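I am opening a notebook page for this structure. My entries below record what I looked up, one topic at a time.

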Amino acid sequence: MKILVCIKQVPDMESRFKANSEGTWYDETDLAFRMNEYDEYAVEQAVQLKEQLGGEPEITVLSIGPDRVVEAIKKALAMGADRAVHIRDDKYYQKDPWQIASAIATHAGTKSYDLIFTGMQSQDRGSAQVGVTIADQLGFACATTLVGFAYDSGTVTVKRELEGGAKGVVRLKLPAVVTCQLGLNTPRYPTLPNIMKAKKKEISVQPIGDLLKVEELTATDRMYPPAKKGGGIVIEGDVNDQLDRLLGILKEKTAVFR
Amino acid sequence: MKALLIGEYRQGKLLDSTYELQAFAAQLGAECAMVLVGSAAQAPKFGGKLYLADAAKYGEYNPDLHKKLVLEAVAKEDPDYIVFVHSSYGWDLAPRVASALQAGQVSEVVAVLDGKFEVTCCNAKMRRTVTPKSARTVVTLQAGAFTLHGEPQGTPLLETLELSDLASPVEFIGYEAAERREVDLTRAEVIVSAGRGVGKKDNVPMIAALAKALGGELGASRPVVDAGWVPHSRQVGTTGQSVSPKLYVACGVSGAIQHLAGMKKADFIVAINKDKDAPIGEIADVLVVADVMQFVPAMTARCAR
């Protein structure tokens with residue numbers, strides 16, 4: 001079995017964001033980057049499947065972006081992926097989800113993968129398109145928003161998360177693409193021996209131009225912080241002073257403290 | 001300008017989110033037709049044409065067949081926009097339709113500004129305006145972002161959609177109901193919620209202590225539940241419980257849209273967060289900029305007096 005896991009490196013979402021000089025994406029200066037949280041579940045599920053099948057499947061991890069994304073790739077290799085493809089693109093943020101998906105589908109089209117794992121969305125752009133579009137381009141079965149995954153002799157049975165906490169149980173024939181939701185599993189922390197082992201694993205590098213043959217279908221005009229609605233009171237300063245003010249407000253405005 | 005609206009149907013019922021599609025079309029000033037894989041008995045109130053496929057035959061979730069059905073309606077209507085709700089149904093189906101049509105997709109639209117679509121990104125800390133470059137555009141709408149003014153009206157003109165080939169690589173087995181709730185947060189007058197900012201499981205009792213001091217219940221955001229710090233029965237948000245207490249205290253909750261959707265109806269919202277820019281500040285009546293570890297025990301001590 002051949003498995004592909006698509007991962008993205010994104011900024012820590014606790015960061016402060018501001019627009020870049022072009023005004024169409026965020027300024028990367030001073031941001032700390034890490035693996036997209038949803039993708040950690042995708043890597044973990046692929047590695048668990050490899051373990052279930054006695055180590056037989058080969059797991060390739062793929063990421064598109066500038067050289068910094070190699071850090072996320074190394075983490076996936078240390079978690080248990082076998083090899084990696086870095087599709088180098090310094091202007092990744094100017095590509096729309098259609099172009100990213102098309103580039104990945106072009107790569108996958110020649111590799112005969114049986115199963116492709118992705119996160120259900122990225123934490124920065126959040127389009128939730130790339131995985132599904134890859135499936136459609138390749139003619140693979142696809143299910144999104146997985147909170148459950150089971151593999152048994154060529155068939156994948158998944159649980160999709162629905163609104164209100166219900167789940168939809170779906171069976172897929174391979175080849176398939178599945179997109180992973182938070183809570184699907186417990187992503188492992190790479191151990192030191194596995195981090196050392198990962199250093200020897202192959203990372204092949206390819207420029208995006210080799211794979212990207214289509215024009216964008218959507219374009220970002222502008223990125224900006226949301227307008228502050230105002231109205232809300234912001235309390236800063238010493239904890240005791242903050243408490244005096246907060247409790248004063250709560251006594252006045254709510255019935256809870258009467 | 002014409003929009004094709006893709007309605008939602010689950011467990012034998014039309015979903016109300018279907019009317020948000022109509023609100024969006026009205027705002028866009030588009031003429032519209034609808035598609036529903038559902039039943040005639042559950043047809044939406046709508047004054048236009050409804051392309052109806054029988055859910056008993058095509059399944060409530062069968063994205064490969066639903067894609068083909070939507071494409072049939074697209075061929076008949078030649079719409080400029082194909083509109084879905086950004087839901088477990090919409091985000092699953094929309095990219096398949098967009099890919100088949102080679103149409104650009106704009107995901108999770110929150111507003112229409114001068115003919116451009118505004119979307120959120122970076123955990124709601126930033127927004128973008130997006131312009132489609134394709135002849136047709138697929139759009140998904142953030143749940144709750146568009147509201148129909150007044151009651152929906154009309155009886156649709158029905159046209160049945162049929163497919164000859166029902167083969168599909170995806171088989172829907174069935175629904176699994178939400179876990180039984182040990183705690184009914186919907187009745188709580190005060191809820192004190194723990195978010196990722198509480199740092200670790202060992203800190204959760206500190207949040208629970210404040211809830212107790214205020215005579216309320218402990219709630220939690222999704223990351224805290226996923227990490228196993230608090231049981232799912234206490235999760236507030238889209239995939240947990242929707243609550244409307246008199247007082248909601250969010251401790252270290254950043255304010256992802258899915259969480260806000262479950263608690264924004266609270267009468268009074270206090271957020272305690274060390275990040276002054278956290279999206280929770282957008283809807284909080286009071287934002288206390290402080291370290292949860294310091295502030296919460298101090299507040300508990302004062303309230304327990």
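Entry 1: I started with B:Cys122, which is buried because 22 other C-beta atoms lie within 10 Å, and 20 or more are enough to count as buried. I note that the model is a predicted one. B:Cys122 sits in the loop between strand E8 (116-121) and strand E9 (126-132) of chain B. Its phi is positive, about 50°, although B:Cys122 is not a glycine.

**Entry 2: a positive phi in chain A.** I then looked up A:Ala128, whose phi is near 55°, a positive value in a residue other than glycine. Is A:Ala128 buried or exposed? I found A:Ala128 to be buried, with 27 other C-beta atoms within 10 Å. Its place is the loop between strand E6 (115-119) and H4 of chain A.

**Entry 3: two prolines of chain A.** I checked the peptide bond from A:Leu174 to A:Pro175 and found it cis, with omega near 0°. A:Pro175 belongs to the loop between E9 and strand E10 (176-180) of chain A. A:Pro226 lies in the loop between E12 and E13 of chain A. A:Pro226 counts as partly exposed, because it has 14 C-beta neighbours inside 10 Å. Not counting residues up to four places away in sequence, A:Pro226 touches B:Arg127 and B:Glu282.

**Entry 4: where the chains meet.** I went on to the contact between the chains, where 66 residues of chain A are in contact with 70 residues of chain B. On the side of chain A that touches chain B, the elements giving two or more residues include H4, strand E7 (141-152) and helix H6 (239-253) of chain A. I sorted that side of chain A by class and got 30 nonpolar, 17 polar and 19 charged residues.

Entry 5: I looked at helix H4 (residues 130-138) of chain A and helix H4 (residues 90-101) of chain B, which pack at an angle of about 45° with their axes 8 Å apart. H4(A) and H4(B) are therefore oblique to each other. The crossing of H4(A) past H4(B) is right-handed. Which residues of H4(A) meet H4(B)? They are A:Val132, A:Thr133, A:Asp136 and A:Gln137, and they meet B:Asp92, B:Pro95, B:Arg96, B:Ser99 and B:Ala100. I count three nonpolar, three polar and three charged residues in this contact of H4(A) with H4(B).

**Entry 6: a helix pair inside chain B.** Helix H3 (residues 63-77) of chain B packs with H4(B) at an angle of about 55°, their axes 9 Å apart. H3(B) and H4(B) are therefore oblique to each other. I noted a right-handed crossing where H3(B) passes H4(B). Among the residues making the contact are B:Val70 and B:Leu71 of H3(B) and B:Leu93 and B:Val97 of H4(B). By class, the contact of H3(B) with H4(B) has eight nonpolar, one polar and three charged residues.

**Entry 7: nonpolar cores.** I looked up the largest nonpolar core, which has 119 residues. A:Val43 and B:Val83 are among those with the most contacts inside it. Leaving aside neighbours within four places in sequence, A:Val43 is in contact with residues including A:Val5, A:Ile7 and A:Pro187. Another core lies apart from it and has 47 residues, among them B:Val190 and B:Ile269.

**Entry 8: chain B as a whole.** I recorded eight helices and 17 strands in chain B. Of its 305 residues, 52% count as buried.

Key. Residues are numbered from 1 along each chain as its sequence is written. Chains are lettered from A and ligands numbered from 1 in the order in which they are written. This is a predicted model: local features need pLDDT of at least 70, side-chain atom pairs count only at pLDDT 80 or more; totals for chains, interfaces and linings use all residues. A nonpolar core is a set of buried Ala, Val, Leu, Ile, Met, Phe, Trp, Tyr and Cys residues joined through C-beta atoms within 7 Å. A residue is buried if 20 or more other C-beta atoms lie within 10 Å of its own, exposed if 12 or fewer, and partly exposed in between; C-beta atoms are placed from the backbone. Two residues are in contact if their C-beta atoms, placed from the backbone, lie within 7 Å. Axes are lines fitted to C-alpha atoms, for helices over the stretch in contact, and angles run from 0 to 180 degrees between N-to-C directions. Helices (H or I, at least four residues) and strands (E, at least two) are DSSP runs, numbered from the N terminus. Angles under 35 degrees count as roughly parallel, over 145 as roughly antiparallel, 65 to 115 as roughly perpendicular and the rest as oblique. A crossing is left-handed if the near helix is turned anticlockwise from the far one by less than a right angle, and right-handed if clockwise. Ala, Val, Leu, Ile, Met, Phe, Trp, Tyr, Cys and Pro count as nonpolar, Asp, Glu, Lys and Arg as charged, and the others, Gly among them, as polar.
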